[in-house]
Amino acid sequence: MPKRTRFTTWRPLATAATAALLATLLTPVAAQAAPRGSEPVHSYEDAIREAVWVDTGLDGDRDGKPDRVAVDIVRPRETARQGRKVPVIMDASPYYSCCGRGNESQKKTYDAQGRVAQMPLYYDNYFVPRGYAFVGVDLAGTNRSDGCVDVGGRSDIQSAKAVVDWLNGRAKAYTSRTGTTRAQAGWTNGRTGMIGKSWDGTIANGVAATGVKGLKTIVPISAISSWYDYYFQQGAPLYDSGPAWLSDYVDSPDARAKCAAVQQKLVDGAPRTGDRTPLWTERDYVKAARKVKASVFLVHGMQDLNVRMKHVGPWWDALAKNGVERKIWLSQTGHVDPFDFRRGAWVETLHRWFDHELMGIDNGIDREPMADIERAPGRWDTSRVWPPSGTRTATLRPGRGTQDGVGTLGLHRGHGTASFTDDPERSETDWAARIDEPTPGKAGFTTRTLTRDLRLSGSSEVTVTATSSTPTAHLSAVLVDLGPATIRDYADAGEGITTLTNRTCWGPSTPADSSCFKETKAKTADVGYTVVSRGWADLGNHASDHKGSPLTPGKRYTITIDLATTDHVVPKGHRLALIVAGTDQGLIDPPAHKPRLTLDLSRTSARVPFTGGAAAFARATTGAATATPDATLLDGVREPRTTHRVPEASQ
C-alpha cells in the first residue's frame with residue numbers, strides 16, 4: 001500500500017502568502033470565488049508556434065556532432081505578452097511522421113516557415129487556451145530529430161529528459177537543427193507533465209524513472225514499464241519480432257542511413273533465447289521506481305494483448321512502495337486510448353488532474369477515489385484505494401476430476417497428476433471453450449458454481465511442478481470466468497470500440513488543425529466465458545528468471561508463472577477456472593519441440609488476490625452445486641491476431 005494516499009497540493013510561496021493575506025481581507029463570498037479550474041481564455045488561433053532543437057548530449061548516429069531533437073511548441077500569446085510563465089504538457093513520440101497518433105493516425109504538418117501547423121491529438125487545442133503550453137517532441141532518430149532510435153534505451157529516454165532539462169534552464173537548445181542561435185525557455189515555469197499512449201507513455205515512464213527535476217506528473221496510457229516484458233515473459237518469446245525491427249519501423253530515412261551500429265546492438269543484445277541481457281536491464285524502469293518523484297495517472301486496458309497488463313502490476317506496486325502519488329483507470333478494452341472509450345469523462349478528469357498537478361489548483365481530485373474500473377461496457381465502478389482494502393491472497397489448488405483433464409479448483413491440496421500435449425495450433429480461446437471436455441491440449445480445473453460474487457484485484461501467480469518429455473517446453477496459465485456476459489470485443493480490429501462518422505470538438509480549431517474527432521461506441525460480444533488473466537513461461541527458466549537451460553526429459557521441475565494484473569468480478573452463478581497448457585497460439589512462440597507435460601497436482605497451486613481473501617472464496621463456493629456441467633462448447637471472442645504488433649495501435 002502507498003505510504004501516502006493524498007496528493008500534495010502545489011502552490012508557489014508568493015501565491016500562498018498572498019492567499020493567506022486575502023483570506024483575512026475578503027468577505028466569505030469573495031473568498032469562495034477562487035477558480036476551481038483553468039478556463040479557455042486565451043486565443044488558440046493566435047497562439048505562438050515555434051520549433052527548437054534541444055541538445056541531448058549524445059551522438060547516437062556517430063556523425064561527430066551532438067544529437068539535437070526537434071521540439072514543436074504551441075503556447076499562449078497573451079501570457080507571453082504579460083510576462084507570465086506557463087506550465088507544459090509534453091508528448092514525446094516516435095510516431096509523429098512515420099505512423100501517426102491517435103485513432104485517426106494524425107501526423108505533424110508544418111507551414112512554410114517550418115512551424116507546426118497540425119499538432120496531432122487534442123491536447124494543444126484544449127489546453128493551450130487554458131494557459132498551458134503543449135510540446136511535441138520527436139524522439140531521436142525520428143521526423144526532424146538527429147540520432148537513432150534505441151527502443152526505450154538511453155537515446156529514447158534522453159530525447160525527452162533533455163527537453164525537461166531545457167524547460168528548467170539546464171540544457172541548451174537552438175532555433176534550427178544545425179545553427180548556433182540559442183533558444184531560451186523563459187516563457188515557462190518549468191513545471192512539466194508528460195502524457196502519451198503506448199511508446200509515448202513508455203517514454204514518460206522512463207523519464208520519470210530518472211528522477212529529473214521539473215517533471216511533476218506523468219499520464220502513461222497503455223505503456224510499457226519493462227521492455228523485456230514486451231518481448232518475453234520468463235523466457236517465453238512473445239510474438240515474432242524484436243527491437244531491431246521496431247527501430248527500423250519508426251526510423252527516419254536519415255537515421256536508417258546512419259544507425260546501422262545501433263541496429264546491430266539491438267540485434268546482438270536481444271537474442272530470441274529469452275535470456276535477460278544488459279540491454280533489457282537498461283530498459284527496465286521498474287527497478288528505478290525509487291527515483292520517481294512525479295505523480296502518476298495510469299490508464300490501461302485489461303484485455304490489452306499488445307502492451308499487456310503485466311506492465312501494470314510491478315510498476316504500480318513499485319510506485320506504491322516508494323510513496324508515489326497515483327491514480328488509475330482500468331478499462332475492458334484492448335490497446336485503446338481513454339479518449340476513444342470514455343471521452344467526456346476522460347477529458348474532464350485529465351483537465352482537473354493537470355490543473356491540480358501543474359497549476360496547483362485545489363479542485364478536490366486528490367480526495368476522490370484512486371481507481372476507476374470498467375465492469376461492463378460503459379459501466380464503471382470506483383475504489384478508494386487500489387487494490388481495494390481487504391484484498392488478500394488465497395491459495396487455490398487443482399484436483400483431479402471424474403474425467404482426465406477436467407479437474408476441480410478449491411482450497412484443499414489435490415493429489416495425482418494431469419497431463420497434456422503442447423499443441424501450437426491451439427490458444428486460450430480453444431482451451432476455455434472446451435473447459436468441460438477432456439481435450440488433450442490442456443489441463444483445466446474449475447470451482448463450484450459461485451453462490452455470491454467474487455472479486456479478483458491485483459496480480460496472481462501459478463506455481464507448476466511438471467515433467468516434460470522433451471528438452472524444451474513452454475507453459476501458459478490462464479484464469480477464466482465461466483459464465484455468460486456481454487463484454488467489449490477486444491479481439492476485434494477496434495479492440496473494443498467501433499469508430500463512427502460523427503465528430504465532437506474539444507477546443508477551438510484552425511484551418512490546419514481541427515479539434516474535432518470521430519466519436520466511437522463500444523464494440524461488444526456476447527460470450528460464455530471471459531479470460532481474466534494470463535501468463536507464460538519457458539520451463540527451462542525454472543532455476544533463473546534471467547537465463548534458461550535445457551530440460552532433462554522425465555525430470556520434475558517447479559516454476560512460478562506470473563499472471564497479469566487485473567480487476568474482475570466473477571458473478572454469482574459463474575465459475576472460476578484455472579487452465580494450464582503449452583503454447584498459447586498467437587501470443588507466444590512455440591518451443592523447439594512438442595512436449596507432453598505432466599503436472600504434479602499436489603505441488604501445483606494458484607495464488608489469487610480476492611477482496612476478502614480465502615474466506616471470501618470459501619463463502620462463494622460453499623453450498624454450491626457440484627454436478628459436472630454439460631460439456632458444451634462455450635462462445636468467446638475470436639482467437640488473438642498474430643500480425644506484427646508495435647507499441648501503438650496493433651498495426
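The model is predicted. An open sheet with mixed pairing contains eleven strands, in the order β7-β1-β2-β6-β3-β8-β9-β12-β13-β14-β15. Its edges are β7 (173-174) and β15 (379-383), each of which pairs on one side only. The pairing of β7 with strand β1 (residues 48-55) is antiparallel and runs over two bridges. Within β7, A173 is the bridge partner of V54. Helix α12 (residues 313-321) lies across β12 (295-301) and β13 (326-331), and runs at about 160° to β13.

The count of salt bridges comes to 37. Among them are the following pairs.

| Pair | N to O distance |
|---|---|
| E50 and R75 | 2.6 Å |
| K108 and D138 | 3.0 Å |
| R367 and D362 | 3.2 Å |

R75 counts as buried because its relative accessibility is 10%, and buried means under 20%.

K108 lies in the loop between β3 (86-93) and β4 (109-110), while D138 is in strand β6 (residues 133-138), so this pair ties together parts 30 residues apart in sequence. K108 and D138 are both buried.

In the pair of R367 and D362, R367 is partly exposed at 45% relative accessibility, and D362 is partly exposed with a relative accessible area of 32%. Salt bridges with shared partners also join D63, D146, R177, D254 and K258 into one network.

Terms used
Residues are numbered from 1 along each chain as its sequence is written. This is a predicted model: local features need pLDDT of at least 70, side-chain atom pairs count only at pLDDT 80 or more; totals for chains, interfaces and linings use all residues. Side-chain values use heavy atoms; hydrogens and water are left out. Two strands pair if DSSP finds at least two bridges between them. Helices (H or I, at least four residues) and strands (E, at least two) are DSSP runs, numbered from the N terminus. Contact means heavy atoms within 4.5 Å. Axes are lines fitted to C-alpha atoms, for helices over the stretch in contact, and angles run from 0 to 180 degrees between N-to-C directions. A salt bridge is a side-chain nitrogen of Lys or Arg within 4 Å of a carboxyl oxygen of Asp or Glu. Buried means under 20% relative accessible area, exposed over 50%, partly exposed in between (1.4 Å probe, protein chains only).
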